[in-house]
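Biologist: I am new to this one, so could you show it to me and take me through its pockets and its ligand?
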Amino acid sequence: MSTHKAWVVAVANQKGGVAKTTTVGSLGSAFAEQGLSVLLVDLDPQACLTFSLGIDPESVEGSVHQVLLGEVKAADVVVPTEDGVDLLPATIELATAEQLLLMRTGREQLLKTALAPLLKRYDVIMLDCPPSLGVLTTVALTAAHGVLIPLQCETLSHRGVGQLLDTIHDVKRMTNRRLKVIGVLPTLFDGRTSHGRLVLERIGEDYGVTVWEPAIPKSVRFAEAPAAGRSILATARSSKGADAYREVAGSLLSARG
Ligand code: ADP
Ligand code: MG
């Protein structure tokens, strides 16, 4: 099922540690397992996605930083990974991009423009956003067709969702009218506590967004994957966590139509 007119999905939440990067790597691998061609874009200066896919940022020819500044073409710095997905890597240089980009007019469009030549090569392009609502998240939301919001189902962790939805609303108004909220993906879910279930039920109602199921279970298997340079779909092939991501990937594709 290869259409090669990429569906561009930003994975965003300004809170750190909610499994954005894990979700990008795992869903990306799940899409690849299903035979799709996948590009993952690391937009976090911490380069966690790049590391977690076994790529050493020190060793790459170029990164998303140079791509955003128009110094290189995205296609020239994309690298293959063992998980079967392609990666547009990040390096720590990206930390200075925020400053540099603030001086450029039309900066919101830079990623969209840079990715345009790649749309026909991939079925899915996923954008891993940093834990802030700064320029890098804005360029991702501007380049995307949809935004998926990973959310940890614990006390108060969903407080920032209103603020994120406001930012999404602004981006829709100013730079990307087609942007859709794909929904919330519950992560780090501990089904043993009734609290988690309650939070899960309330989120959809409170924010009027789709809540995807199954919730991704909390599991120590996820902690082992990044060190191996592979996603959990490879390191714990038949675990509940891997299967949850596979199921969500399938549902996302069906819903996309
Ligand atoms: P973010 O990108 O939002 O900052 P990460 O994907 O880096 O979040 O995840 C934060 C930490 O939580 C990482 O150490 C990761 O391995 C761990 N983690 C992610 N998902 C799970 C899960 N379902 N169960 C247990 N640990 C997880
Ligand atoms: Mg991250």
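Biologist: Which strand and which helix each supply at least two residues of the lining of the second largest pocket?

Modeller: A pocket here is an open set of points on a 1 Å grid over the protein atoms alone, where a 1.4 Å probe fits, with protein on both sides within 12 Å along at least five of seven lines; lining residues have an atom within 4 Å of a point. Among those lining the second largest pocket are Lys-180, Val-181, Ile-182, Leu-252, Ala-255 and Arg-256. As DSSP runs (helices H or I, at least four residues; strands E, at least two), the two suppliers are strand E7 (180-187) and helix H12 (240-256).

Biologist: What should I know about the model itself?

Modeller: It is predicted, with local features needing pLDDT of at least 70 and side-chain atom pairs 80 or more, while totals for chains, interfaces and linings use all residues. Residues count from 1 along each chain as written, chains are lettered from A and ligands numbered from 1 in written order, and side-chain values use heavy atoms, without hydrogens and water.

Biologist: Which helix gives the most to the shell around ligand 1?

Modeller: In all, 13 residues surround ligand 1 (a heavy atom within 4 Å), and Thr-21 and Thr-22 are among the closest. Both belong to the helix that gives the most, with 3 residues: H1 (residues 20-33).

Biologist: How far is a polar side-chain atom of Thr-22 from an oxygen atom of ligand 1?

Modeller: For the backbone, an N or O atom of Val-18 lies 3.1 Å from an oxygen atom of ligand 1, and one of Ser-219 lies 2.9 Å from a nitrogen atom of the ligand. For the side chain of Thr-22, the distance is 2.6 Å.

Key: A polar contact is a pair of N or O atoms within 3.5 Å; within protein, one must be able to donate a hydrogen and the other to accept it, and residues adjacent in sequence count only if both atoms are side-chain atoms.
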